[in-house]
Amino acid sequence: MRRRIGVLSLTVFLLTAVSFVPAVTLYVLVGLLLFSWWGQRKVALNLRVVRAVIKGQGFVGDDLRIKIRVANPTMFPVPWCRAEHSFSQLSADRSSHLFSLPSGGQAEIDLKVRGERRGVYLLPPSRLFFGDHWGLTEQSMTATGEEKITIFPPVRPLQGFALSRRSPVGPYRLHYSLYEDPTRLQGSREYLPGDSLKKMHWPNVARTGILQVKEWETTLTSDYGIFLNLREEDLPTNAWYFLTEFLVELAASLSHFFAVQNETIAFYCNGKPFGAGEGPFRLPPKRGRHLVEKILTYLAGVSPGQGQAVEVFFREAARLPARSILLFLTPVITPVMVEKAAHLRRNGFQPVFLWPYYRDGVLPTTDLRKANLKWYIVRKGGDRDEFTFTGGE
């Protein structure tokens, strides 16, 4: 209200001056314009913009929150200020906010952005435009920073994927001994051909009507190793983007799947990480959901790399504990890979190839059968947009 009265009084004064003293009026107008321009310059030099990422991590489709605080420490009010933000890299969202800043005052802007594609992005610049009451002068400034936004790859359901320490691939018994502790019962599972009748869980059989056996914790456990091949030379040109996103999402879904079961997993990838040079990414075997966040953060920004042949995976796999289940996610399976995987199998490991299906791809099923190796053909789709596994041996 006071501002309106001040503007009205100034208008009346100017009209009166124009009627009686034209020369003085001209000087007054020029003086006001110069004073206003000088004030806006002072504001432009002293305006403070603080950017805070309230929620800077999420999956594709999640809403992220950014708070922008604009403070005016000068004695000159800013009658209008427009803040613009463009998130073209990660989303189609574009925002524009109009507000005013009193002398010594501040304003807050709460932005919501929906992530539409995985990646690690720098928070886009904040562009501010402001001017005087009459719109005769205008100033602008740009505020930047190192704030990051991380969009994780989608985690999809796994249909037809059955791996466990006691049943490596589907309903097959494990050929490597795991010593069970009969004093530490951890639950029950469905009866499989060959299970001893001494292990039958008769109360559960009576309650469910399904044959079930007791399951004890083991004194020796099998780790899981996830080996993601994103080498550029192994990605065909006509399906380069499709296979990259397919494999990244598959690795994220597998990591989440094992973490929910509190399994011990190791992760390796030969892609190019965000903001760093070439080189394989290694996470040694660990248990816990905090490990998945590290994997998802890496997968959010990874891209195909050069020069890191997939053979390095087999050297890393040999360092894992014996009996470990080794999952090789690769768009191509070469005779060298088959030979090295067969060598790992002879040394007590359980290698499994996960091959993403694409139209022009070729799966060497004959070589895999001769080496007695297991594999899955993985497809994406269905009502829940899930990964579907078709097994082979």
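**Strands and aromatic contacts in a predicted model**

In strand 15, T264, A266 and Y268 point one way and I265, F267 and C269 the other way, and all are buried, where buried denotes a relative accessible area under 20%, exposed over 50% and partly exposed in between, with a 1.4 Å probe and protein chains only. In a regular strand, side chains alternate between the two faces of the sheet. Strand 14 (residues 224-228) runs parallel to strand 15 and is joined to it by 5 bridges; two strands are taken to pair if DSSP finds at least two bridges between them. Within this pairing, L228 stands opposite C269.

The structure is a predicted model, in which local features need pLDDT of at least 70, side-chain atom pairs count only at pLDDT 80 or more, and totals for chains, interfaces and linings use all residues. Residues are numbered from 1 along each chain as its sequence is written, and side-chain values use heavy atoms, with hydrogens and water left out.

The protein contains 8 helices and 20 strands, which are DSSP runs numbered from the N terminus (helices H or I, at least four residues; strands E, at least two). Of its 393 residues, 46% are buried. The protein exposes about 20700 Å², of which carbon and sulfur atoms supply 55%; accessible areas come from the Shrake-Rupley method with a 1.4 Å probe, and for residues only the protein chains shown count as cover. Among contacts (heavy atoms within 4.5 Å) between residues at least 6 apart in sequence, 68% join residues at least 24 apart.

An open sheet of 3 strands shows antiparallel pairing in the order 1-3-6. Its edge strands, strand 1 (48-55) and strand 6 (106-114), each pair on one side only. From one strand to the next, the twist averages 20 degrees, with axes fitted as lines to C-alpha atoms and angles running from 0 to 180 degrees between N-to-C directions. Strand 3 (residues 63-71) pairs with strand 6 in the antiparallel sense over 9 bridges, and A71 stands opposite Q106 of strand 6.

Residue S95 is located in strand 5 (residues 94-101). S95 is buried, at 15% relative accessibility. When residues up to four places away in sequence are not counted, S95 touches A83, E84, H85, F87 and L111.

Aromatic rings of Phe, Tyr and Trp (its six-membered ring) pair if their centres lie within 6.5 Å; planes under 30 degrees apart count as stacked, over 60 as edge-to-face and the rest as tilted. By this rule the protein has 20 aromatic pairs. The ring centres of F161 and Y376 are 5.9 Å apart and the planes stand at 55 degrees, so this pair is tilted. F161 lies in the loop between strand 11 (158-159) and strand 12 (180-190), whereas Y376 belongs to strand 19 (residues 374-381), so the pair ties together parts that are 215 residues apart in sequence. F161 is buried at a relative accessible area of 8%, and Y376 is buried at 4%. Both residues belong to one aromatic cluster formed by F161, Y224, F257, F258, Y376 and F389.

A further pair, W355 and Y357, is edge-to-face, at 6.3 Å centre to centre and 85 degrees between the planes. W355 is buried, with a relative accessible area of 3%, while Y357 is partly exposed at 38%. R379 lies over the face of Y357, at 4.5 Å from the ring centre; a charge sits over a ring if NZ of Lys or CZ of Arg is within 6 Å of the ring centre and within 35 degrees of the ring normal.
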